[in-house]
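This report describes the pockets of one model and a few points of its backbone geometry. Please have the sequence and the structure at hand while reading.

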Amino acid sequence: MIIIGEKINGSIPAVADAIARRDADFIKARARMQEEAGATFIDCCASVPEAQEVETLKWMIDCIQEVTDLPISVDSPSARVLSEAWKFCKRPGLFNSVSGEGDKMDVIFPIMAENKGWQCIALCSDDTGIPKNAADRLKVFDKIMAKAKEYGIAPNRLHIDPLVEMLCTSENGIETNVEVISTVRKQYPTIHITAAVSNISFNLPVRKMINLGFTVLAMNAGLDSAILDPTNRDMMGVIFATEALLGLDDYCMEYIGAYREGLFGPKKD
């Protein structure tokens, strides 16, 4: 599983406070802790007014890169901010994100065409918002893939996000997500499929139970990438266990190795 660590995001009050105070030690500590917990990418989201966003992301990216060599997921709703902020990264990372909305793909995909190591999260939404059903989300997906082909971007450089919404307001549970994930996986075996796992449990008690259950079901459908808190040891244990149960971990070697490294299970002294 590709783990996109979510703990450096200005929408989190403690992170917003650290950004406002330019508390570099706080940002660095969160980067280190996510690397130690097994993250693949470190997400970096400023959540400040767009006029301040590029400068703020530069400061955040510089802080992260002082303490880890993990690639960065540069996170902004603005494609034009992303088109500037990626330049501060020392190594190829992940654009988070594009969608079928406006000209976002036409801003980011040319950059990816010239910089082959970069990957991108692509949301199954467009100018109409988030489609209500799987069929319409898959229509957006088809447009994304057509645009990617136009720019020569291979499927394995994309992380398709089926858009996880709150379970408590959903009419069909996760049926829509499972249909989108399984269809995308069947059509493009090498593509990545991602999700912001915690979105599923908003406004529900004991959210971690919903998150854990959703992760297992989504992985069974084909999810191989997730935006989550890698320091959540229960979640990491469930991910390694599910990969083993799905036959994605020969002889359970990854599961055993992660346990020995202390990524889940009882904390070792």
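## Pockets and backbone

About 310 Å³ of space lies in the second largest pocket of this model, which is predicted. Its lining is made up of 15 residues, and those nearest the centre are Lys 132, Glu 165, Ser 170, Glu 171 and Asn 172. Helix H7, residues 175–187, gives the largest share of this lining, namely three residues.

The largest pocket has a volume of about 920 Å³, and Glu 6, Asn 9, Ala 196, Asn 199 and Ile 227 lie nearest its centre among the 40 residues that line it. Two or more lining residues come from each of strand E2 (41–45), strand E4 (94–100), strand E5 (119–126), helix H8 (207–221) and strand E8 (225–228).

Turning to the backbone, the peptide bond that runs from Asn 96 to Ser 97 is cis, with omega near 15°, and Ser 97 is part of strand E4.

Asn 203, although not a glycine, has a positive phi of about 70°; this residue sits in the loop between strand E7 (192–193) and H8, where Asn 203 is exposed, with a relative accessible area of 66%. Tyr 251, in the loop between helix H9 (233–245) and helix H10 (253–260), likewise has a positive phi, near 55°, in a residue other than glycine. Because its relative accessible area is 76%, Tyr 251 counts as exposed, the cut-off being over 50%.

Key:
Residues are numbered from 1 along each chain as its sequence is written. This is a predicted model: local features need pLDDT of at least 70, side-chain atom pairs count only at pLDDT 80 or more; totals for chains, interfaces and linings use all residues. Side-chain values use heavy atoms; hydrogens and water are left out. On a 1 Å grid over the protein atoms alone, a cavity is a set of points where a 1.4 Å probe fits but cannot get out, and a pocket is an open set with protein on both sides within 12 Å along at least five of seven lines; lining residues have an atom within 4 Å of a point. Grid points are joined across faces, edges and corners, and a volume is the space filled by probe spheres set on the points. Helices (H or I, at least four residues) and strands (E, at least two) are DSSP runs, numbered from the N terminus. Buried means under 20% relative accessible area, exposed over 50%, partly exposed in between (1.4 Å probe, protein chains only).
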